[in-house]
Amino acid sequence: MNCLNYCNTKYYSEDKSDIILTQVQNKINKDINNIAHEMLFIFSNVINKEPSCYFNKDVYNQTFRRMEALLDEHSTSIKFNDEIMEHFLIGYHTYRQITDIINNLGKLNDNPEIKNRLYRIPTYISIVEGCLTNLFRVITLILNQTSQKDFASIKKLKPICDVLRSNGFDLLVTDIDVNVRNAINHGGIIFKQNGRTIDFQFTENRISVVHSMSIYQFDDLINKVYDIASGVLLGLCSFMNNHIDLVAVDRSQKLFIPFCLLSMELSIPGIYISSISGLLDYKQLNVDIEIENTDKTYIMQIAILLAILVYDRYCDYQQYMFFFSSERLQGSWVRFTNQEIKDMIKGIRAFDDVIKSVMERGDCIIFDVSTEQIDMQEIKYYRFPNHSEEDYKVNNIEDASGVDRKRLKAHLFIGDISEKEEILSIIHRSIHWLKSVRNVPSPTLPHKYGTMDADALYINVYRNDTRANKELLPNNKNFVCFIDYNISGETTLEHGGLPVIIWNKLYHEKLEKIQIAWRDGIFAIKKSTKIGRNDLCPCKSGKKYKKCCGSKL
């Protein structure tokens with residue numbers, strides 16, 4: 001057995017295809033006798049996970065059986081060409097994104113109006129337009145190959161639904177409310193009763209119509225169209241699975257569709273190839289992988305197997321980069337040169353020898369998976385608070401903590417205040433509030449978290465929280481200064497995280513534990529001055545520094 005055959009056999013030895021085939025026969029269609037590599041992950045993912053497992057079975061049956069009937073009648077006409085595959089892939093990728101959105105946002109405890117805007121409205125539109133319209137286009141384009149009518153030019157949702165309805169696909173469009181879609185797209189939605197009722201306003205037969213739904217009715221509609229999308233997707237997958245030889249795409253091309261097909265072909269339960277992309281100069285091919293088994297040795301083995309399988313399809317890149325991600329794994333990667341993969345395939349170099357070379361030159365970073373006992377739900381849904389007082393507000397808080405340091409970043413807005421003493425007073429008060437803000441643990445990297453005082457704060461100070469430029473540049477008049485507060489009095493962020501050429505154009509001042517980089521020189525003193533604890537506070541309160549602003553640090 002040569003190296004390529006060995007790697008192919010080894011990689012797919014863990015694809016659980018026998019188990020998945022049994023599940024497909026029990027849950028979807030007992031007449032499916034085998035599963036093509038391209039469809040394995042889709043079948044496994046849809047039928048075994050929520051909410052996709054609640055797919056509309058009647059829609060599935062009609063989609064699959066009508067497609068099979070079309071093929072029986074026009075066996076020589078049907079091909080899955082580039083246009084068909086493009087719509088299928090866009091519909092499928094949108095479906096995966098929508099599934100994540102439903103799982104992550106569907107149970108949020110936001111008030112009804114906020115949840116309408118953040119979740120319900122965009123989710124419905126994404127299902128109907130991003131997913132279903134593309135999957136429907138797959139069917140109409142296949143119908144176009146079997147009919148003398150021009151179905152290919154029909155691209156709008158309502159005419160597409162009419163075509164499907166008149167060609168035996170009526171169940172697919174029963175719950176597709178085009179008027180609701182039109183109301184959303186044309187701004188015809190009004191939230192009432194604090195968002196618990198939604199009015200959809202649209203024009204029908206030149207008459208203005210209002211269709212009211214409670215949020216529970218709209219949730220039910222979202223579920224229905226999602227279940228339809230699941231049924232259509234599975235129906236098309238079953239049809240393509242049975243006739244994978246009809247895919248008329250040049251898989252050697254370095255384009256979106258061939259890359260996606262290879263991603264599907266290499267995706268198996270536990271290893272999802274989310275994307276493959278190449279740089280235009282053929283310098284590097286990038287492969288993004290979501291992996292469940294985060295053992296370092298296993299990841300390296302998978303990297304080698306994938307390198308050889310990908311190289312077999314695309315052998316003219318200088319380097320091959322494999323990125324690995326998981327819920328508890330910090331982003332890891334392995335990179336091989338073209339020559340290394342070629343040598344392994346030809347048997348010139350052993351796998352272990354190549355691994356050693358890769359590690360010695362630093363082309364392999366695989367982190368230890370985080371095993372810290374944490375609440376993943378808390379991390380997923382936690383939001384930093386915003387804070388406002390009469391003369392300032394703080395928002396856009398971000399966590400930048402490390403293993404032994406609690407560090408937060410934030411934006412501070414002070415309006416048109418021009419007196420330095422007032423600005424300093426606001427800075428001290430904002431630091432006092434911000435440093436005790438609670439942060440939560442990271443799922444991938446252990447760090448310091450909790451309600452203890454922050455070790456460091458990095459604050460961008462601006463005039464107004466508008467669309468005005470928020471870059472930390474000397475010519476940005478909305479930018480006031482950058483604050484580096486550190487409990488030790490020494491910064492841990494070199495040059496404020498900015499390029500040194502920009503950092504050097506700012507005016508620098510140190511006040512106790514605070515280092516300030518001013519945009520405008522009128523606020524800066526010529527020499528850094530350390531305020532003594534018994535000195536008068538610079539905010540001009542008349543108090544000693546230790547009993548005024550210094551007591552808040």
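**Reading helix packing**

Q: At what angle do helix α5 (residues 82-105) and α9 pack?
A: Helices are DSSP runs of H or I, at least four residues, numbered from the N terminus. Axes are lines fitted to C-alpha atoms over the stretch in contact, and angles run from 0 to 180 degrees between N-to-C directions. Here α5 and α9 pack at about 140 degrees, with axes 11 Å apart. That makes α5 oblique to α9. Angles under 35 degrees count as roughly parallel, over 145 as roughly antiparallel, 65 to 115 as roughly perpendicular, and the rest as oblique.

Q: Where does this picture come from?
A: This is a predicted model: local features need pLDDT of at least 70, and side-chain atom pairs count only at pLDDT 80 or more, while totals for chains, interfaces and linings use all residues. Residues are numbered from 1 along each chain as its sequence is written, and side-chain values use heavy atoms, without hydrogens and water.

Q: Which residues of α5 and α9 make the contact?
A: Contact means heavy atoms within 4.5 Å. On α5, they include Phe88, Tyr92 and Tyr95. On α9, they include Leu233, Leu236 and Met240.

Q: What is the span of helix α9 (residues 215-242)?
A: The expected span is 1.5 Å times one less than the number of residues. For the 28 residues of α9 that gives 40 Å, and the end C-alpha atoms are 40 Å apart, which agrees.

Q: Is α9 mostly covered or mostly exposed?
A: Buried means under 20% relative accessible area, exposed over 50%, partly exposed in between (1.4 Å probe, protein chains only). In α9, 21 of its 28 residues are buried.

Q: How do α2 and α3 cross?
A: The axes of helix α2 (residues 17-27) and helix α3 (residues 37-48) come within 10 Å and cross at roughly 55 degrees. The two are therefore oblique to each other.
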